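These are my notebook entries on a structure that I had not examined before. I set down what I looked up, topic by topic.

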Amino acid sequence: MNVRFGYGSPAELGELSEILRLAEQADRDGLDHFSTSDHPYLAERLDGYAMVGFLLGRTEKIAGFVNVTNLPLRPAPILARTAATLTAMSGDRFILGLGAGGAWDRITTMGVPRLTPAAAVEAFEEAMVLVRQLSGGGPAVTSGTHYPVKGLAASPVRAPEIWTGSVGSKSLAATGRQADGWIPGHAADWSSEPYLRSRAIIDEAALAVGRKPTEIATIYNFPGAITARPLPRTRDDEGRWIGGSTDQWIEELTGAVLEHGAAGFTLFPTGPDPYDITLKRWSQEIAPAVRAATASR
């Protein structure tokens, strides 16, 4: 099994040199992906898509994605063209992270009408269908209630993988029907009740349309500290992972893959160590060891 390892990048305007240095370091060290957030209503943040495109242009092997795209601010037909461009120019190193939109009080400050939760999920699923219809060549297409495009030809570039950040039951079901991967919300992991409840909805929806649940990979946003010495406890009183030594991380993530089917991890470092030191431990020690221990799965 090819377990994917990545990291969540800083995205503040004041961290430009750090952002670039980390991406180049991760690329050299063999990490699979980097990610950034999508909050264009925050003036101190870099635009997620501009940042991903720039970093893909400065790297050679690592993939990039927005974790996750704020769909109400990036209409699906335009998003499909953006995805095709990034896929083509990077040599298939773009992943489409997609969300229905959550921070509506912020989203509406940019002039976008508020959608009901049900309408937002409808648009979310329609966007996944439309991105694929507008990829890989083929005839002109017509689609949908929220994106009623007419006579629009598909790009010859193949569709990227789609990883969603679904949380609610309806968007989880849409993930089961349409997506390639799922990023559990609120950094929930395989030991949590929200994960178990949510994954069951995805699997049921996948089966209902003739898909295998294993077609939807689970890639975890995973915060934690990588410490020089083992910790007496690697989880807090609520059962959330807080980190540990390299060996403790390797044991935990190997178990997640072999016992719970985890397909990947995106590290969000915590703790006092500099970001680049933590990222080196992640890429040079933890990732290779977990890949070796799970290679025969």
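What volume does the largest pocket have? I found a volume of about 830 Å³ for the largest pocket. On a 1 Å grid over the protein atoms alone, a pocket is an open set of points where a 1.4 Å probe fits, with protein on both sides within 12 Å along at least five of seven lines, and lining residues have an atom within 4 Å of a point. Grid points are joined across faces, edges and corners, and the volume is the space filled by probe spheres set on the points.

Before going further, I noted that the model is predicted: local features need pLDDT of at least 70 and side-chain atom pairs count only at pLDDT 80 or more, while totals for chains, interfaces and linings use all residues. Residues are numbered from 1 along each chain as its sequence is written, and side-chain values use heavy atoms, with hydrogens and water left out.

Helices (H or I, at least four residues) and strands (E, at least two) are DSSP runs, numbered from the N terminus. H5 supplies the largest share, four residues. By type, I recorded 17 nonpolar, 19 polar and four charged residues in the lining. Here Ala, Val, Leu, Ile, Met, Phe, Trp, Tyr, Cys and Pro count as nonpolar, Asp, Glu, Lys and Arg as charged, and the others, Gly among them, as polar.

Entry: the backbone at Val 68.
I then turned to Val 68, which is in the loop between strand E3 (63–66) and E4. The peptide bond that leads from Asn 67 to Val 68 is cis, with omega near 0 degrees.

Entry: salt bridges.
How many salt bridges does a search of the whole structure find? The search gives 18, a salt bridge being a side-chain nitrogen of Lys or Arg within 4 Å of a carboxyl oxygen of Asp or Glu. Side chains of opposite charge can pair when their charged atoms come close.

I looked at Asp 38 and Arg 74, whose side chains form a salt bridge at 2.8 Å, N to O. Asp 38 lies in the loop between strand E2 (33–36) and helix H2 (48–57), and Arg 74 in the loop between strand E4 (69–70) and helix H3 (76–90), so the pair ties together parts that are 36 residues apart in sequence. Both Asp 38 and Arg 74 are buried; buried means under 20% relative accessible area, exposed over 50%, and partly exposed in between (1.4 Å probe, protein chains only).

A second pair is Asp 92 and Arg 158, with the closest N and O atoms 3.6 Å apart. This pair links distant parts of the chain, 66 residues apart: Asp 92 is in the loop between H3 and strand E5 (96–99), and Arg 158 in the loop between strand E7 (149–152) and strand E8 (162–164). Asp 92 is partly exposed, at 43%, and Arg 158 is partly exposed, at 45%. I also noted that Asp 92 has a positive phi of about 65 degrees, although it is not a glycine.

Glu 193 and Arg 197 form another salt bridge, at 2.4 Å, N to O. The two are four residues apart in helix H7 (residues 193–208), so about one helical turn separates Glu 193 and Arg 197.

Entry: His 186.
Is His 186 buried or exposed? It is exposed, at 66% relative accessibility. His 186 is in the loop between strand E9 (181–182) and H7, and has a positive phi of about 60 degrees although it is not a glycine.

Entry: the nonpolar core.
Which residues of the largest nonpolar core touch the most other members? They are Phe 5, Tyr 7, Trp 249, Leu 253, Phe 265 and Trp 282, out of 67 residues. A nonpolar core is a set of buried Ala, Val, Leu, Ile, Met, Phe, Trp, Tyr and Cys residues joined through side-chain atoms within 4.5 Å.
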